[in-house]
Amino acid sequence: MTETNLMIKAVFWDMDGTLIDSDPYWHEGEMKIAAAHGGYWDEELAWQGSGTPVPDVARRMVEHGCQLSIEEIGQGMIDYVAQKEFERIPWIEGVEDVLVALRDAGVPSMLVTTSPRHLAENLVVQAPAGAFAGYVCGDDDVEKKPSPAPYLEAGRRLGIAPEDMKYCIAIEDSMSGLRSAVASGATTIGQTGFMQIDNSNGPQFASIKGYEGIDAASLDAFVRQRVSQV
């Protein structure tokens with residue numbers, strides 16, 4: 001399928017658990033901070049916070065006894081993950097090939113993440129050349145997921161009107177992110193392969209498990225199927 005007959009206008013990507021398997025970095029950092037400052041935190045609690053804004057996780061850590069402020073915990077989490085990701089971006093297997101296929105088909109990709117700007121920029125820099133047209137991050141002045149605002153802003157930056165969001169694919173793995181993407185009107189695909197909390201019954205249009213067989217044509221097919229049902 002060539003660029004000229006693709007219906008898909010863009011692909012919006014969540015970051016953690018969708019493009020990269022960074023949850024182990026976040027969880028390890030959270031548990032180290034809690035252990036060093038009188039709190040209790042474990043893998044189950046860490047997974048419950050996956051996909052939610054950093055201040056929300058930090059607030060829960062305070063509730064579980066961590067004797068730092070929400071701001072101190074949040075900064076500690078971000079610093080820990082930044083160090084790890086600057087050393088190595090933990091790309092999910094196959095996703096770089098999908099990014100290249102979309103780029104070569106003329107379909108822009110946008111990163112839509114609640115992570116801070118320096119983490120978003122680090123990922124974009126380490127991605128295949130020209131893979132991303134831009135990003136919306138947690139430092140931008142937009143409402144955070146599960147609000148649809150980040151996805152609508154990503155569309156706006158590409159010149160895509162809200163009524164045309166159905167021609168865009170959004171790939172998410174957390175329930176908060178899925179709700180955000182669906183509310184924006186995007187054709188939302190749940191990535192079920194890397195999140196330990198079951199998201200298969202979320203509001204998404206369809207789900208995938210990993211990236212085997214995923215390319216510009218298969219994502220375009222999801223858009224065509226969605227539009228035919230509207």
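Select Asp220 to start; its place is in helix H9, residues 216–229. Helices here are DSSP runs of H or I with at least four residues, strands are runs of E with at least two, and both are numbered from the N terminus. This is a predicted model, in which local features need pLDDT of at least 70 and side-chain atom pairs count only at pLDDT 80 or more, while totals for chains, interfaces and linings use all residues. Residues are numbered from 1 along each chain as its sequence is written, and side-chain values use heavy atoms, with hydrogens and water left out.

Is Asp220 buried or exposed? Asp220 counts as buried because its relative accessible area is 0%. Buried means under 20% relative accessible area, exposed means over 50%, and partly exposed is in between, using a 1.4 Å probe and protein chains only. Then show Ile8, whose backbone nitrogen lies 2.8 Å from a polar atom of the Asp220 side chain.

Next, select Gln191 in strand S5. Gln191 is buried, because its relative accessible area is 0%. A polar atom of its side chain lies 3.1 Å from the backbone nitrogen of Gly193. Which residues does Gln191 contact, leaving aside its neighbours within four places in sequence? They are Gly17, Ile171, Glu172, Asp173, Asn199, Ile208, Lys209, Gly210 and Tyr211. Contact means heavy atoms within 4.5 Å.

Move along to Met195, in the loop between strand S5 (187–191) and strand S6 (206–208). Met195 counts as buried because its relative accessibility is 10%. Not counting residues up to four places away in sequence, Met195 touches Trp47, Ser50, Asp173 and Ser174. To see a separation along the chain, pick Glu212: Met195 and Glu212 are 17 residues apart, and their C-alpha atoms are separated by 17 Å.

With residues up to four places away in sequence left out, Asp23 touches Gly17, Trp47, Ser50 and Phe194. The side chains of Asp23 and Ser50 are joined by a polar contact of 3.4 Å. A polar contact is a pair of N or O atoms within 3.5 Å; within protein, one must be able to donate a hydrogen and the other to accept it, and residues adjacent in sequence count only if both atoms are side-chain atoms. Asp23 is buried but has no salt bridge, and Lys145, the nearest side chain of opposite charge, is 12 Å away. A salt bridge is a side-chain nitrogen of Lys or Arg within 4 Å of a carboxyl oxygen of Asp or Glu.

Now select helix H7, residues 149–157, and colour its buried residues: Ala149, Pro150, Tyr151, Glu153, Ala154 and Gly155. What do the buried residues of H7 pack against? They pack against strands S1 (10–13), S2 (109–112), S3 (132–136) and S4 (168–172), and against helix H8 (175–184). Just after H7, stop at Gly159, which takes a positive phi of about 80°.

Finally, zoom out to the whole protein, which has 9 helices and 6 strands. Its C-alpha trace spans about 60 × 35 × 30 Å along its principal axes. Of its 230 residues, 53% count as buried. Among contacts with a separation of 6 or more, 63% come from residues 24 or more positions apart.

Definitions and conventions. Lys, Arg positive; Asp, Glu negative; His and termini not counted.
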